[in-house]
Amino acid sequence: MSTWLDEWNRAQGTYVNDRHRERHFRSIADDVIRLLPAKTSRVLDYGPGDALFADDIAAACAGVILCEAADSIRDRLVTRFAASPGVSVIGPDGLAGLPSGSIGLVVAHSVVQYLSPEELAAFLREARRLLGDDGVLVIGDIIPRRVGLVTDTAELLRFAARDGFVLAALRALARNAASPYARVRKRLGLTRLDEHEVVELAREAGLTGSRQARNLGNNNRSRWTFIARPDTWSGEAS
């Protein structure tokens, strides 16, 4: 039986077209740059997908580490950023080799819906280990318990209408209804979390944070973003 990792290792139909893909990653990169705690920070992007603009983020900070579990995506990242000295690519096993307190910003966007509660708790503990005392954790695209497929579809069409790919989006929705992704989503489901659940999991890992006013990126307003800092942080909230 296939798993979510198997799904990410096969050819994806996640994006409607190249414009959708480009706009998705552009908006995330812009927000990550905006959230950098300092230009001397290093960024860890956990589950980055194709991370089209990681080199732009690297140019604004001390470097970017892309941690990707799917072998096929990781291979693409290695090829794409081979000539970008500020970007490095690792698998999850590589996290253990990163020194404690060495990361200024940990980002996990559109990842936690594919993690079990136990996997999310383990990720939060590892994020806390890696973050410096003034570091920041950003978890984007968290799906609230009340949000389902109908809402996600409406948000995709809103995004498509604004950025000019509505017809392509409608064709993709019809095509994806019978796609491997749809079958895996139906069988495995997606993890949905309300704010108090994420706050408590973060607290148990030594992090203090809250839900933000808007989601990271620009593609789904019904989902939400959580930002946290180590409990030892003593600076001013941003």
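Predicted model: local features only at pLDDT ≥ 70, side-chain atom pairs only at ≥ 80, totals over all residues.
Q: Is Asn215 buried or exposed?
A: The relative accessible area of Asn215 is 7%. Buried means under 20%. Asn215 is therefore buried.

Q: Which side chain makes a polar contact of 2.7 Å with the side chain of Asn215?
A: The Asn215 side chain has a polar contact of 2.9 Å with the side chain of Asp141. Asp141 and Thr225 are both among the residues in contact with Asn215. The polar contact at 2.7 Å is with the side chain of Thr225.

Q: How many bridges join β2 to β3?
A: Strand β2 spans residues 64–67 and strand β3 spans residues 87–90. The two run parallel. One of the bridge pairs is Val64 with Val87. The number of bridges joining β2 to β3 is 4.

Q: Through which helix does the chain cross from β2 to β3?
A: The path is a β-α-β crossover, and its hand is right-handed. Residues 71–80 form the helix on this path. That helix is α4.

Q: What distance separates the end C-alpha atoms of helix α2?
A: Helix α2 runs over residues 18–35, which is 18 residues. At 1.5 Å a residue, α2 should span 26 Å. The model agrees, because the end C-alpha atoms are apart by 26 Å.

Notes
Residues numbered from 1 in each chain as written. Heavy atoms only, no water. Buried < 20%, exposed > 50% of the residue type's maximum accessible area, 1.4 Å probe, protein only. Polar contact = N/O pair within 3.5 Å; in protein donor to acceptor, adjacent residues only side chain to side chain. Contact = heavy atoms within 4.5 Å. Pairing = 2+ DSSP bridges. Right-handed = clockwise from strand over helix to strand, strands pointing away. Expected span 1.5 Å × (residues − 1). Lists of a residue's contacts leave out its neighbours within four places in sequence.
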